[in-house]
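Colleague: I'm new to this one. Can you walk me through it?

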Amino acid sequence: STSFDALALGTIAGGTAGTTTNFSYTLAAGNDTATIIARPNDIILKGYSGGSIYYSNPASQSVIGTILCEVSLPGTTAPAPTTFTTNSVTCTGSQINLSI
């Protein structure tokens, strides 16, 4: 299996996509947001998406909100990316929030 370090430092380091035995990863970033999608390469696995958003709260403090989402059924379809609003990030559709 691929360790976290191998994935983080090798597979997608410096790029926007990468593939391991079990997943294909896609990264995207905006000015204050970032997303990652993990599409399963095997029909027995579930897909995952994650997102982070940077914003200032009403007290003018810097805040980073993050979320990790899991699709409800296994399969090789890429999950939808997370949804962003002005100061939050949420799972899309029927995805399950694993961050709670």
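Modeller: Let's begin with a definition. Rings of Phe, Tyr and Trp (its six-membered ring) pair if their centres lie within 6.5 Å; planes under 30 degrees apart count as stacked, over 60 as edge-to-face and the rest as tilted.

Colleague: How many aromatic pairs does a search of the whole structure find?

Modeller: Two aromatic pairs turn up. In one of them, the ring centres of Phe23 and Tyr25 are 6.1 Å apart and the planes are at 45°, so this pair is tilted.

Colleague: Before we go on, what am I looking at?

Modeller: This is a predicted model; local features need pLDDT of at least 70, side-chain atom pairs count only at pLDDT 80 or more, and totals for chains, interfaces and linings use all residues. Residues are numbered from 1 along each chain as its sequence is written, and side-chain values use heavy atoms, with hydrogens and water left out.

Colleague: Back to the rings. Which residues form one aromatic cluster?

Modeller: Phe23, Tyr25 and Tyr48 do.

Colleague: Are Phe23 and Tyr25 buried or exposed?

Modeller: Phe23 is buried, and Tyr25 is buried too. Buried means under 20% relative accessible area, exposed means over 50%, and partly exposed is in between (1.4 Å probe, protein chains only).

Colleague: What share of the chain do buried residues make up?

Modeller: Buried residues account for 28% of the 100 residues in the chain.

Colleague: New topic. How many helices and strands does the chain have?

Modeller: There is one helix, and there are eight strands. Helices (H or I, at least four residues) and strands (E, at least two) are DSSP runs, numbered from the N terminus. From the N terminus on, the order is α-β-β-β-β-β-β-β-β.

Colleague: Which strands form the open sheet, and in what order?

Modeller: Six strands form it, in the order β1-β2-β3-β4-β5-β8, with antiparallel pairing. Strands β1 (17-19) and β8 (96-97) stand at the edges with a single partner strand each, so one side of each has no neighbour in the sheet. Two strands pair if DSSP finds at least two bridges between them.

Colleague: Take me through the pairs. What joins β1 to β2?

Modeller: A hairpin does, through three residues. β1 and β2 (residues 23-29) pair in the antiparallel sense over three bridges. Gly18 stands opposite Tyr25 in β2.

Colleague: How many bridges join β2 to β3?

Modeller: Seven bridges join them, and the two run antiparallel. Ala29 has Ala34 in β3 as its bridge partner.

Colleague: What about β3 and β4?

Modeller: β3 (residues 33-40) and β4 (residues 48-56) are antiparallel, over six bridges. Opposite Ile37 is Ser49 in β4. Ala38 has Tyr48 in β4 as its bridge partner. Tyr48 is also in the aromatic cluster.

Colleague: How many bridges join β4 to β5?

Modeller: Nine bridges join that antiparallel pair. Ile53 is partnered by Gly65 in β5. The hairpin of β4 and β5 has five residues between the strands, and Ser60 there takes a positive phi near 65°.

Colleague: Switching to charges. How many salt bridges does a search of the whole structure find?

Modeller: One salt bridge is found. The term means a side-chain nitrogen of Lys or Arg within 4 Å of a carboxyl oxygen of Asp or Glu. Lys46 and Glu70 form it, with their closest N and O atoms 3.9 Å apart. Lys46 lies in the loop between β3 and β4 and Glu70 in strand β5, so the pair ties together parts that are 24 residues apart in sequence.

Colleague: How covered are those two?

Modeller: Lys46 counts as partly exposed, at 28% relative accessibility. Glu70 counts as buried, at 13%.

Colleague: What else is Glu70 in contact with, leaving aside its neighbours within four places in sequence?

Modeller: Besides Lys46, Glu70 is in contact with Gly47, Tyr48, Gln95, Ile96 and Leu98. Contact means heavy atoms within 4.5 Å.

Colleague: Last one: which residues form the nonpolar patch on the surface?

Modeller: Leu68, Ile96 and Leu98 form it, with about 230 Å² of accessible area together. Patches are made of residues with over 30% relative accessible area and no salt bridge: like charges are joined within 9 Å, nonpolar side chains (Val, Leu, Ile, Met, Phe, Trp, Tyr) within 5 Å. Accessible areas come from the Shrake-Rupley method with a 1.4 Å probe; for residues, only the protein chains shown count as cover. Leu68 lies in β5 (residues 62-70) and is partly exposed, with a relative accessible area of 39%.
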